[in-house]
Each structure stands twice: as structure tokens, then as C-alpha cells.
Amino acid sequence: MSDIHTDALPCPDQDAARLGIADWLGLAAAPTFALMALLAGIFGGDEAMLCMGTSSPLTGMPAMYLLMSAFHLAPWLRVISNRQAGREKAKRLEKTLQKQSIAQAV
């Protein structure tokens with residue numbers, strides 16, 4: 001069957017691979033929904049909504065896809081913040097190394 005029902009411990013490499021796949025899928029959601037909103041807006045994704053009788057831009061499939069894209073931005077914001085934190089950490093490390101090299105030279 002599967003490892004779920006056994007007492008065997010999972011391999012750490014398998015867990016890392018699963019996490020990596022999940023991260024990539026999370027990153028793929030926002031651009032996919034944004035593209036779907038664009039395509040629905042260009043090619044008219046509101047044919048099924050004709051019976052509603054409203055022509056508001058806030059109704060219909062493009063608006064729904066844009067909202068779904070906005071809700072799935074969290075992984076992208078995490079990536080951006082981690083990159084910025086990494087740059088700041090690298091700058092602090094560089095300054096520390098410069099101070100150490102100056103102290104060693106004296």
C-alpha cells in the first residue's frame with residue numbers, strides 16, 4: 001500500500017523533495033491565475049454570465065482569477081523577503097570581515 005500506514009520512518013531526502021515540489025507548485029499558482037485572468041479578459045470569459053444582466057468589471061471570471069492570484073501571492077512575498085534578508089545578512093557579514101581584516105593588518 002503506502003508508507004503512511006507503516007511504522008517505518010520516512011527518508012529525510014524524500015521529505016525535502018516533497019517540500020520542494022510543494023514550494024514550486026505554490027509559486028506556480030499566482031502567475032497561472034494571473035494569466036488565466038488576462039486570457040479570460042481578452043477572449044471574454046463571461047459568456048456563461050449573460051443571464052446576470054450586470055456589466056460590472058468586478059463580476060465574472062477575470063475578477064475571480066485576479067482575486068485567486070492575489071490570494072496566492074504569499075509564497076512570492078516570502079521569496080522576496082528571504083532574498084532581501086539574505087542580502088542584508090551578506091552585507092553585515094562583509095562589514096564584519098572587513099573589520100576583522102583591518103584589525104589583523106594593524
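Me: What share of the 106 residues in the protein is buried, and what makes a residue count as buried?
Reply: Buried residues make up 11% of the 106 residues in the protein. Buried means under 20% relative accessible area, exposed means over 50%, and partly exposed lies in between, with a 1.4 Å probe and protein chains only. This is a predicted model, in which local features need pLDDT of at least 70 and side-chain atom pairs count only at pLDDT 80 or more, while totals for chains, interfaces and linings use all residues. Residues are numbered from 1 along each chain as its sequence is written, and side-chain values use heavy atoms, with hydrogens and water left out.

Me: Why is Ser69 called buried?
Reply: Ser69 has 9% relative accessibility, so Ser69 counts as buried. Ser69 lies in helix α2, residues 61-71. Helices are DSSP runs of H or I with at least four residues, strands are runs of E with at least two, and both are numbered from the N terminus.

Me: What does Ser69 touch, and what does its side chain reach?
Reply: Leaving out residues up to four places away in sequence, Ser69 touches Ala30, Phe33 and Ala34. Contact means heavy atoms within 4.5 Å. The side chain of Ser69 also reaches the backbone oxygen of Ala30 at 3.0 Å.

Me: Why is Leu66 called exposed?
Reply: Leu66 is at 52% relative accessibility, so Leu66 counts as exposed. Leu66 lies in helix α2. The C-alpha atoms of Leu66 and Phe33 are separated by 6.6 Å, although these residues are 33 residues apart along the chain.

Me: How many aromatic pairs does the structure hold?
Reply: The structure holds one aromatic pair. Phe33 and Tyr65 form this pair, with 6.5 Å centre to centre and 20 degrees between the planes, and it is stacked. Phe33 lies in helix α1 and Tyr65 in helix α2, so the pair ties together parts that are 32 residues apart in sequence. Rings of Phe, Tyr and Trp (its six-membered ring) pair if their centres lie within 6.5 Å; planes under 30 degrees apart count as stacked, over 60 as edge-to-face and the rest as tilted. Phe33 is buried, and so is Tyr65.

Me: Why is Ile42 called exposed?
Reply: Ile42 is at 55% relative accessibility, so Ile42 counts as exposed. Ile42 is found in helix α1, residues 12-43.

Me: How many helices and strands are there in the protein?
Reply: There are three helices and zero strands, and along the sequence the pattern reads α-α-α.

Me: What share of the contacts with a separation of 6 or more comes from residues 24 or more positions apart?
Reply: Such residues account for 68% of those contacts.

Conventions: Polar contact = N/O pair within 3.5 Å; in protein donor to acceptor, adjacent residues only side chain to side chain.
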